[in-house]
Amino acid sequence: MNLNLFSHHPLLWSTIELLYRIYRSEQPHSGYLSSPTASLIIDKLWSETSKLTSFSLVEYSYNYCVGFFSLGQTFRVYQRQKLALLGLFIQTVPLANAYWIFSHPAPFIVTRLDPVVNPGAVSSHVHTIVGADSFSSVYDYNTQISEATCTTATVQVDLSNYWTPQLYFQRASDGMFTAIEMDTVNTYYLPRPGPKNESIKAFPPGLRMLAGNPNKRTYDSSSFEDQAISYVCLGMSTPDESKFFPFNCPGGMRAEVFFPSCWDGVNLDSDNHKDHMAYPIQNYNSGDCPDTHPVHLISLFYEFIYNTQNYDYPNGGNLVWAMGDAVGYGLHADFITGWDEEYLQTAIDTCPANMGGVIEDCPHFVPDIDRAAQAACKGLNDIVDEDVGMNHYIASLPGDNVPWYGENATKPTKDGYVEQGVMVSPIPPVPTNWTAGNCISDSSSARSLLLYSFTDSDMTWEMCLDYCYSKKVGIAGISNGNACFCDSVYRNSPSVLNSTACNVDCGGNDYEICGSSTSMSIFTNADFPVVETAVPDGWSSYGCVADNVPSVSGRTIVGYYYGDSTSMTATACLAICQSKDYLYAGLEYGQECYCGNKLLNGGGLDASNPCYYPCKGDSTQTCGGSNALSVYKNNNYINTTTSSAVSLTPAPDGWAAYGCVVDGPTRNIVGYYIGSSTAMSVTTCLAACKTRGYLYGGLEYGQECFCGNSFVNGNTASTACTIKCSGNSTQICGGSNALSVYVNSNTSITTTGTATTTAESTPVSSSSAAASASASAVALTPATPAPAGWTSYGCVGDSTASRTIQGYYFGSSTTMSMTSCLAECKTLGYKYAGVEYGQECFCGNSLLNGGSLLTTDACTDACSGNSSEICGGWAAMSVYTNDVAAVSSSSASSSASSSASSSASSSASSSASSSASSSASSSIVSSTVSSGVPTTSTSSETSSVASSTFSSEVTSSTSSSAPSATSSTASVSMPAGWASFGCVADTASNRTLTGYTYTSTTSMTNEECATTCQAKGYTYAGTEYGQECYCSNSLTNGGALDANNGCTYPCVGNSNEVCGGCPDPEGDSGE
């Protein structure tokens, strides 16, 4: 075809030709250029057309018009940037009326039916059909529009049908055939008046027509009917053809049919389905209508795009139309209207002339656009029961058809062919006792069904339903075309969606719908009733939320926790959290319950880790997943602590509330610390700080207390103080990285026991408090001078995950001093001693894990037993070296049991006063840990630790060798028949002991756990995290003796015993 274009500027012609060629080769499917290409072309258009004073386009062929108009959307974007001149260029293309394009997805029916040529019978060859789902072997206009429920057209009022023969590839090696898959079908509606400017009319109800000839063997260039049939090679700049290309096209092949647009005004059909229609006088695609066919209808044009590039054509086989045509002249197409004539006429008359084919640009169409319904549309009526070769090879073409080569050959037939085609429903019946249900919401992060599942690329309804029936559950759901899920209950509160939201074909049956990536097609079985579970009154499901986010490494819900490995349910967890008046409840790993008032540490709705663990106590309920919380929100919660200025718990006498202050990036209040996961309160903390003479008391994470005389990192206000105190739920003890701060109104700040200044008795403002503190605060020495025989090494970095000094450890929250620590390490013959966090002592013979020197201001925590000495800091050790210790196996041969005890007790006697002891005794359990290295020095970890603190009573033993990391605890009176096995590794996601588990936050001991396991018939018992007991008859999941000796937690029921430690941080409750 030639472009009949006359321009005053030759460069304009070359640019337009370039635009057309690139469009034809690069964008066959969508009709739009990619942005980079469009930008280059339009910039060229701008540069060239800006040189013109005038130009005109007086005529054009149809296909070039398509090339321009399909770019309408892109042009309009650039028109705003290039202003009027580019707009002038667009307007030069003659547009008498609007036109539009309906893009259909892959055909919804491929079968041997043709209600125009073979009404009520099996057709002679296979067709590929798009349009209304009411398509059948018989066409009746009223039936067509009354029975249709959807269409593959963009606008759902177009209930017409459009079809062409199916294209096949015949493999040369064995002569077998396979249907070539369709990419897209475009149906164009084009107002094309001739020189007389006739009125363009809508299709009359009941009109049907045929274009092309299936038995055509030659091409007549003077025939409009022949010109109306063409092929476009996508991905190559080559002229259109009237038959198959002799080479393969890299972007596929587009088969095009242009229908006659002149109607005789009387007949809706004719014997050959053509005579009642005619092409215009001047051209096949535009012009005036002849007198015999005076009514000028809107022009109809098809593009059927086939993925021929996926086949070895022509070397490995041939292209063949379904009727056997292997040349290509026999392309033809059929049409039956399903339009409301008035609706279509209104579109012709009112859609804007510059809409450029874009449906959304015509206001008349917009209310009826439904792309979800378009994608989900499937045929309703019977099709021919035969294999048409979709996605596989068949021995012969369906029907009496064999390949027909040569331009003048006689059409061959199959020997002795007898038509045996019968009609069947394209959708198999739902299996017995199953009922098709709703389309419901679903996502990978919050599955609606999850008890059983599998995937199969050839998924069908029957396959999934049979699988679920074998599992004896009453709900089956299919999603994304290939995934089957079974359950007895709906999980994660799915929503019922419009049926069109389920729009993905089943992998094994194109006529079945199998949900989508965000929805499930549901089926129910009466043999296995659905269990109805509802969120308790007053609660609502929040969703699946990430926990322990890697970049943050902290719990999402902090406040209260309990675990139950046998009877945990969502109902029980929500009841506990409600009784403790928390806003959020979260369940994880099927057995863990968390309560809190905020979602912390980056926790948000998560798509990567799904909530799919059935609750241990009720498999019909969902209790989170791996590092994923099933979160619920308490709708009756009243937050009495949040406002524009956070209101703190009223202060005890002698104290004034200062405010909620940010804690970070390092500790903001340093000097003294105590912690308790069960007994912390504002009263307890402030009493401890007052006894030690500190100006400020600060509480954090519901269970941590800090005392100091200044703000290390400033007094930035926070609104995060919302966590209830672990020992008094009516009080607030800070939040995540936020301190509830109080000022001691009566205490004098001392340096050596003598009062120097006294703070005001009235509440202190942020500025005055800072000034007062800085003027009178104790000037703590960064490194306390070392005792004889020791040398100060410096302030060294440390981590709970990889301790810098390992060998021996003890801790005391009331009596620790640098002196007592060094004395203990010296007695045990260690080379290095390190004190940390004001209360922890570490002994070892080397500095491990890259421990490096820090600035001295990182070690600023006063020792809990002697505030004039420095005992490290947050993740920082005050390290000293033993000048006389030799690191050898014999260097630690001396017994340490008595000396350690006396050393610690003597140092304790010189520190905290009796009032300090009494103020803490009611809420803090005093215990000693003397085996291994603790992991309780960070706020995110201490927020969940067992109820215990560290005191000065140390019981230890040594042998003739150097001290190991597993020094013994006080003797344990185990039940008869039980013996210690050792410290064994464990993870939350793969438990080492899996038979029975329970938790006791007040009475857990090794004896209690072993007795319980024995009563239940188990041979192994294990304690963990100070309060958890596990029973089993074997060690599973790779459980082995722990080389890192992580068993360091005191039993909550007997602080002289060790009950395991913190498990591997793979989502366990103990982190």
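1. A charge is taken to sit over a ring if NZ of Lys or CZ of Arg is within 6 Å of the ring centre and within 35 degrees of the ring normal. Arg692 meets this over the face of Tyr672, at 3.9 Å from the ring centre. Arg217 likewise lies over the face of Trp404, at 3.9 Å from the ring centre.

2. The model is predicted: local features need pLDDT of at least 70, side-chain atom pairs count only at pLDDT 80 or more, and totals for chains, interfaces and linings use all residues. Residues are numbered from 1 along each chain as its sequence is written, and side-chain values use heavy atoms, with hydrogens and water left out.

3. Rings of Phe, Tyr and Trp (its six-membered ring) pair if their centres lie within 6.5 Å; planes under 30 degrees apart count as stacked, over 60 as edge-to-face and the rest as tilted. The whole structure holds 36 aromatic pairs. In one of them, the centres of Tyr306 and Trp321 are 5.9 Å apart and the planes stand at 75 degrees, so the pair is edge-to-face. Both Tyr306 and Trp321 are buried, that is, under 20% relative accessible area, where exposed means over 50% and partly exposed in between (1.4 Å probe, protein chains only).

4. Trp339 and Tyr343 form a stacked pair, because their ring centres are 6.2 Å apart and their planes at 20 degrees. Trp339 is buried at a relative accessible area of 0%, and Tyr343 also counts as buried, at 14%. Ring pairs link both residues into a cluster with others, including Trp100, Phe102 and Phe365.
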